[in-house]
Amino acid sequence: MFSISLLFVCVSTLIGHVHGANQCEAFIDLTLIIDSSNSVPENDFEQGKNALLDLVSRLNVGTDKAGVAVLNFASTVSLSANTDVYEFDRTELLQQIAALPRLATNTATGEALALAKTYCENRCRQTARAVPRVFVIFTDGHSNTGRPPIPIANEIRSSPIEGTIFAVGIGNIGADGNQELLGITDDANYIMNINSYLDLARVTNAITEKMCEFPAFVLPDTTVEFAAPSNSSRYYKMRTVKKNAFFEIEFKDQEGQAVVYTSTTSKKPTSYTSKSMTSRSGNNGKKTFTTFVSADAKNFYFSVKGMARMNKSQFIVRVRPL
């Protein structure tokens with residue numbers, strides 16, 4: 001789906017132009033999955049890669065921030081990654097994107113997702129660190145070769161990866177294409193449809209904002225580090241148990257001050273969506289936020305928002321069945 005041969009000087013110019021504008025500061029392990037099949041014209045492929053260069057330039061790439069891998073696919077799949085996803089630097093990433101070839105064969109979406117899954121299993125940061133694992137697939141149609149993509153997408157969203165898949169459908173992908181994207185994401189809110197590759201260049205900021213607000217999966221009884229500047233939030237989710245339970249978030253500020261919001265329906269809880277939460281203060285500056293989660297809730301969501309200029313905290317979630 002994308003292609004363009006940019007000189008390094010052009011890449012450097014783009015870094016200087018975009019870096020810092022609408023930048024995503026969140027932790028994220030991101031895999032960009034790029035369709036470069038023969039249904040994508042060469043010029044569109046060029047525009048698509050320009051959009052990707054813009055998108056990556058909006059990320060704060062680094063060991064303690066965003067990590068990115070790029071996967072280019074048609075009938076075959078090529079992975080632009082040779083180390084831990086979070087160890088890439090921005091310059092290297094932009095060079096890799098600029099060098100992506102247009103493969104110009106059929107569309108093996110399932111094979112692309114399978115390689116993305118294997119890569120994350122081996123290279124994404126440990127689940128205990130609560131870093132969102134996000135897979136973004138850009139495609140102009142549905143799969144027509146290789147293994148079926150939806151079963152593999154289900155595996156990506158499940159344990160042990162617990163990933164979120166976001167899909168961008170470009171052009172008229174048809175009813176089959178739309179149905180496939182819904183099966184891949186399992187959430188209509190995680191699909192963006194645009195008319196052309198030119199439109200893709202116009203919506204990279206919106207895509208970046210969506211990616212950087214996806215919730216990270218949290219394990220129970222595991223200490224998680226939180227750090228964020230003022231008015232910045234981090235979003236989290238947990239699987240619910242098979243029976244009614246209380247989810248207790250034990251929270252301690254180390255620097256600044258943070259607030260916690262919870263929900264069983266909203267992926268981005270705010271004070272207005274937290275209807276069932278109670279809180280109490282304890283010894284050593286610890287606070288406990290308790291939410292009752294009924295058996296019919298699919299997930300437990302919570303957000304942590306920094307209120308001071310800089311905020312650092314630790315929290316641990318305990319599940320206490322009735």
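The model is predicted, so a local feature needs pLDDT of at least 70 and side-chain atom pairs count only at pLDDT 80 or more, while totals for chains, interfaces and linings use all residues. Residues are numbered from 1 along each chain as its sequence is written, and side-chain values use heavy atoms, with hydrogens and water left out.

Most residues other than glycine have a negative phi, and most peptide bonds are trans. With that in mind, start with the loop between helix 5 (149–157) and strand 5 (164–170), where P160 sits; helices (H or I, at least four residues) and strands (E, at least two) are DSSP runs, numbered from the N terminus. The peptide bond between S159 and P160 is cis, with omega about 10 degrees. E162 is also in the loop between helix 5 and strand 5.

E162 is buried at 6% relative accessible area, whereas D186 is partly exposed at 45%. Buried means under 20% relative accessible area, exposed over 50%, and partly exposed in between (1.4 Å probe, protein chains only).

Finally, visit L219, in the loop between strand 7 (216–217) and strand 8 (224–229). L219 is partly exposed, at 31% relative accessibility. Leaving aside residues up to four places away in sequence, L219 touches T127, A128 and M238, where contact means heavy atoms within 4.5 Å. L219 and R318 are 99 residues apart in sequence, yet their C-alpha atoms are 9.1 Å apart in space.
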